[in-house]
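Hi,

Here is the structure I promised to pass on. Have a look at it first, and then read my notes below.

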Amino acid sequence: MIYITAALILTLSVLVYAIRTRYKSGLSRIPGPFIASISNLWKISAVYHGEIHTQQVKVHEKYGPVVRIGPNDVSFASASAAKQIYRSRPVFAKASPKCGSDFYKAVSPLHNGKRLFNVFSTQDDAYHAKLKRKIGTLYTKAAALEMEPLLDSTIKVFLDKMHQLTASGPHNVDLSLWLHLYAFDSLGDISSSRRFGFLENGKDVGGMIERVDKIYHMTGLLGQASWLQTIQLHVKDYMSRRNPNPLLSYCTDQVTARLEKPTANLDLLDGTLNILRRNPTELSVDEVVSSMYINLIAGQHVLAITLRALVYYLAKYPSCLQKLRAEFAEVDAKYALPSMIPYAELSKLPYLEATIYESLRVHANTGLMLERVVPAEGATIDGYFVPGGTVVGVNAWVLHRDEEVFGKDVDSFRPERWMEPSQEKVNEMKGTMFSFGDGSRRCIGQNIAMVQMTKLLVEFLRRYDISLKDPTKEWHVHGSWVARQSEMDIVVTGLRP
Ligand code: HEM
């Protein structure tokens with residue numbers, strides 16, 4: 001009898017909890033999977049299976065442009081919603097502990113016992129604006145071009161490695177790995193004029209890649225429910241006390257070494273230290289460490305993902321590769337090998353630009369929607385009133401498949417779509433792109449990333465031909481915080497001795 005009573009009480013409690021969760025938040029009119037309205041299980045399951053990027057597209061196809069994907073989470077599909085969510089003033093804040101989210105704390109490591117917030121993770125908008133004003137000049141287009149020699153040096157190491165691998169003929173290369181090694185080493189060079197040695201060794205060194213991967217994996221998965229985030233945060237803090245984060249220790253060591261022995265390098269570290277040297281009240285040493293740390297964490301996966309997409313789609317569609325080669329033939333002839341083509345020349349090539357836009361569109365880097373919190377007074381977005389405290393956002397995979405903006409064939413890789421329509425339409429397409437985010441929290445590293453990607457791609461294709469090892473086999477994509485590809489076997493063939 002006691003068991004039956006306990007079971008009844010339990011069932012009743014679950015029912016009351018489910019009904020309250022579904023109806024109390026003021027989101028019950030918003031369509032979506034039933035399970036998502038009463039628990040975070042829909043999100044957790046989609047991230048666990050590495051399918052959040054495709055599942056979110058599917059729920060929008062099924063339920064329309066506004067979908068409830070969690071008890072307190074609403075996903076939007078339109079460019080107008082994206083503008084309202086990411087560009088409004090006062091801003092829709094990054095998820096805050098007030099709405100039960102520790103997501104950004106989880107990407108702010110402990111440093112000397114204190115949480116080290118950075119330009120990406122801070123939830124304080126005034127502090128963000130102040131910090132960005134100080135360091136923003138280091139990331140402009142002109143600043144990125146000044147760093148070109150640093151970028152060239154990592155590209156050269158990558159090309160040398162490809163040369164070794166293909167010395168005895170065409171070679172099957174897992175470029176998903178090599179492009180990640182390149183991305184991380186290239187960021188090492190622009191951060192502190194030092195590669196990590198990943199390319200030279202052909203693998204992770206000092207467990208840094210493994211540690212960053214764990215951070216991405218756990219934050220993506222456990223970020224889907226506030227109670228999981230809290231557990232993650234405590235476990236992470238406990239682990240970092242026992243086993244310090246090697247990437248953070250690396251950044252601290254680099255900053256300490258530069259303070260002891262100043263240099264005049266072109267890299268971001270000297271750039272940030274110069275701000276501090278000019279006026280020590282402008283930046284703290286901790287802020288220099290946190291800037292270096294977040295660049296390395298934020299840039300490497302997304303850079304590698306875009307490069308993989310570029311190489312994969314060009315190998316898959318040889319006609320696009322042919323057009324691209326034809327376009328850069330003239331500038332190729334002008335800069336005899338082994339010299340590299342300056343970015344200023346490459347940025348003038350329209351088909352190359354279209355190919356990069358198309359890769360970023362078809363394979364967006366982030367797998368999750370970029371979460372923001374509705375201000376206390378609530379907001380009406382795409383016709384729905386959403387109460388204050390609701391987590392809202394747009395997923396790039398969804399937005400980049402808007403047929404009204406990009407055309408009916410949104411799933412196809414077709415760089416020509418960026419060259420055929422009127423300038424007005426192209427501007428609309430460019431304005432809808434969400435790969436680098438939007439508004440005040442838009443990617444600060446975009447200009448640097450464009451140089452890193454464009455130059456590597458062209459220098460690689462000048463020297464090597466690429467084809468899929470097995471054209472019938474798709475690569476594997478795991479969609480979580482980022483949409484990461486693997487199993488990308490490409491046959492690389494040297495074109496010149
Ligand atoms: C293809 C390459 C890249 C892509 C697609 C990309 C994408 C993004 C996105 C979507 C955001 C916004 C995140 C949000 O709203 O929560 C972001 C922010 C950021 N990215 Fe990138 N990123 C790339 C490369 C880089 C590089 C190379 C760096 C460093 C040199 C970098 C540094 C940052 C930083 C520091 C932020 C935070 C900016 C802020 O909140 O003010 N990214 N990135």
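A quick cut-off before the notes: a residue counts as buried when its relative accessible area is under 20%, as exposed when that area is over 50%, and as partly exposed in between. Ser-176 has a relative accessible area of 6%, so it goes down as buried. Do keep in mind that this is a predicted model.

Staying with Ser-176 for a moment: it belongs to helix α10, and its side chain makes a polar contact of 2.4 Å with the side chain of Asp-174. If you skip the neighbours within four places in sequence, the contacts of Ser-176 are Arg-308, Gln-485, Ser-486, Glu-487 and Met-488.

Where does the ligand sit? It is in the largest cavity. There are 27 residues around the ligand, and the ones that come nearest are Lys-94, Val-119, His-128, Arg-372 and Cys-443.

- His-128: 2.6 Å
- Arg-372: 2.9 Å, from an N or O atom of the side chain
- Arg-441: 3.2 Å

Which helix gives the most to the shell around the ligand? That's α16, with 6 residues. Helices α7 (125-135), α16 (285-316) and α23 each supply at least two residues of the shell.

Helix α23 covers residues 446-463, and Arg-463 is part of it. Outside the four places either side in sequence, Arg-463 touches Leu-159, Leu-337, Pro-338, Ser-339, Thr-493, Gly-494, Leu-495 and Arg-496.

Next, helix α15, residues 268-278. It is mostly covered, with 8 of its 11 residues buried. Those are Leu-268, Leu-269, Asp-270, Gly-271, Thr-272, Leu-273, Ile-275 and Leu-276. What do they pack against? The partners are α7, α10 (175-192), α14 (246-260), α16 and α23. At the N-terminal end, α15 is capped by Asp-267, with a side-chain oxygen 3.3 Å from the backbone nitrogen of Leu-269.

Leu-222 is in helix α12 (residues 208-222) and counts as buried, because its relative accessibility is 15%. Leaving out neighbours within four places in sequence, Leu-222 is in contact with Leu-228, Gln-229 and Gln-232. Between Leu-222 and Val-285 there is a separation of 63 residues in sequence and 31 Å in space, C-alpha to C-alpha.

Glu-428 is in helix α22 (residues 423-432). With a relative accessible area of 37%, Glu-428 is partly exposed. Glu-428 and Gly-188 are 240 residues apart in sequence, and their C-alpha atoms are 35 Å apart.

Over to you!

Methods: Residues numbered from 1 in each chain as written. Predicted model: local features only at pLDDT ≥ 70, side-chain atom pairs only at ≥ 80, totals over all residues. Heavy atoms only, no water. Helix = DSSP H or I, 4+ residues; strand = E, 2+ residues; numbered from the N terminus. Contact = heavy atoms within 4.5 Å. Near = heavy atom within 4 Å. Polar contact = N/O pair within 3.5 Å; in protein donor to acceptor, adjacent residues only side chain to side chain. 1 Å grid on protein atoms, 1.4 Å probe; cavity = no way out; pocket = protein on both sides within 12 Å on 5 of 7 lines; lining within 4 Å. Sits in = over half its atoms within 2 Å of the grid points. Buried < 20%, exposed > 50% of the residue type's maximum accessible area, 1.4 Å probe, protein only.
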